[in-house]
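Hi there,

Here is the structure I promised to pass on to you. Have a look at it first, and then read on for what turned up in it.

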Amino acid sequence: MNSLVDELEAARDLEVDALADAIESIGFECTHCGACCRGTEADEHTATVFPDEVRTLGESQGADTDTEYDWRDVARPMPYGLRDGTDGPEGETFEWALQTDGCGDCTFYDPTADGGGCTVHENRPLICRTYPFSVALEGTSQPMGEAVDEAGIVRAHECEGLGRDIDRKEAETLAAGLKRRAIRELEEAIAVLERYQPVDAEGVVVHDSEGPKRPDGTPLEHP
């Protein structure tokens with residue numbers, strides 16, 4: 001826990017200008033290829049989403065369609081750590097991932113949609129807003145495999161848009177989002193550890209900063 005607290009302080013001390021300098025030196029321009037929204041032959045799309053982001057996405061979708069949203073339309077338990085049981089997946093996991101479609105792509109990805117195929121672009125989660133970058137702090141997520149480039153504490157992950165010129169204002173926007181995401185990821189990790197208690201329950205249990213939940217997002221009370 002102490003190391004995560006130290007990392008959180010380091011995240012809060014990150015300088016946006018320095019992060020923007022690193023992003024500029026790596027270079028990036030989104031080509032709207034949609035690769036970061038799609039799964040691969042080996043793995044489904046797994047983008048971490050915070051509980052409040054799930055609700056924001058669900059409420060925005062509900063407002064657009066005039067229907068109530070279902071948590072499971074937006075998010076699913078992060079599959080890492082789960083095992084195959086007789087009646088499907090079972091076990092405990094500690095994150096939510098954006099829901100996927102039958103092809104393993106993000107459920108909000110539509111290649112015919114404006115803006116590169118994201119149908120919830122205005123409300124997209126922080127990890128989507130800051131891809132393909134991450135910061136090298138313990139407890140933060142490192143999306144889409146190992147880094148392919150780096151500058152200082154900033155890591156860049158596989159993306160065909162890397163190495164392209166980037167406007168300073170856009171670099172600063174990305175940098176501010178990257179700092180905000182690092183702080184949120186560490187706050188979430190610390191809260192999960194503080195609240196965690198093993199739960200004797202069948203099926204899948206997701207432990208997030210709000211406590212243990214069923215895959216449909218409903219709270220699971222400790223016995």
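Predicted model: local features only at pLDDT ≥ 70, side-chain atom pairs only at ≥ 80, totals over all residues.

**The nonpolar cores**

Next, find the largest nonpolar core, which has 26 residues. The members that touch the most other members are Ile23, Ile26, Phe133, Val135 and Val154. Two or more residues come from each of α1, α2 (16-26), β6, β8 and α6. The biggest contribution is from α6, which gives eight residues. In general, nonpolar side chains in soluble globular proteins tend to be buried together.

Beyond its neighbours within four places in sequence, Val135 is in contact with Leu14, Leu19, Thr140, Gln142, Ile153, Leu178 and Ala182.

**A helix with a buried face**

Now turn to helix α1 (residues 2-12), where Leu4, Glu7, Leu8 and Ala11 are buried. If you look down the axis of α1, its buried residues fall within an arc of 105°, so they line one face of the helix. On the face turned away from that buried side you will find the exposed residues Asn2 and Asp6. Among the elements covering the buried residues of α1 is α6 (168-195).

**An enclosed strand**

How many of the five residues of strand β9 (residues 204-208) are buried? Five of the five are, so β9 is largely enclosed by the rest of the structure. Val204, Val206 and Asp208 point one way from β9, while Val205 and His207 point the other way.

β9 has two partners to look at. With strand β4 (residues 88-93), β9 pairs in the parallel sense over three bridges, and Val206 in β9 is the bridge partner of Thr93. With strand β10 (residues 211-213), β9 pairs in the antiparallel sense, also over three bridges. There, Asp208 has Gly211 in β10 as its bridge partner. β9 and β10 form a hairpin, with two residues between them.

Gly203 sits in the loop between α6 and β9 and is partly exposed, at 29% relative accessible area. Where does the chain come back to meet it? Setting aside neighbours within four places in sequence, Gly203 is in contact with Pro89, Glu90 and Gly91. The C-alpha atoms of Gly203 and Gly91 are separated by 6.3 Å, although these residues are 112 residues apart along the chain.

**Aromatic pairs**

A search of the whole structure finds three aromatic pairs. In one of them, the rings of Trp71 and Trp96 have their centres 5.2 Å apart and their planes at 65°, so this pair is edge-to-face. The pair links distant parts of the chain, with Trp71 in helix α4 (residues 71-74) and Trp96 in strand β5 (residues 96-98), 25 residues apart. Trp71 counts as buried at 8% relative accessibility, and Trp96 is buried with a relative accessible area of 1%.

Phe94 and Tyr196 form a tilted pair, 5.5 Å centre to centre with 55° between the planes. Phe94 lies in the loop between β4 and β5 and Tyr196 in the loop between α6 and β9, so the pair ties together parts that are 102 residues apart in sequence. Phe94 is partly exposed, with a relative accessible area of 40%, and Tyr196 also counts as partly exposed, at 29% relative accessibility.

Enjoy exploring!

Best wishes

Methods: Residues numbered from 1 in each chain as written. Heavy atoms only, no water. Buried < 20%, exposed > 50% of the residue type's maximum accessible area, 1.4 Å probe, protein only. Helix = DSSP H or I, 4+ residues; strand = E, 2+ residues; numbered from the N terminus. Pairing = 2+ DSSP bridges. Arc of directions from axis to C-beta. Contact = heavy atoms within 4.5 Å. Core = buried A, V, L, I, M, F, W, Y, C linked by side-chain atoms within 4.5 Å. Phe/Tyr/Trp six-rings, centres within 6.5 Å; stacked < 30°, edge-to-face > 60°.
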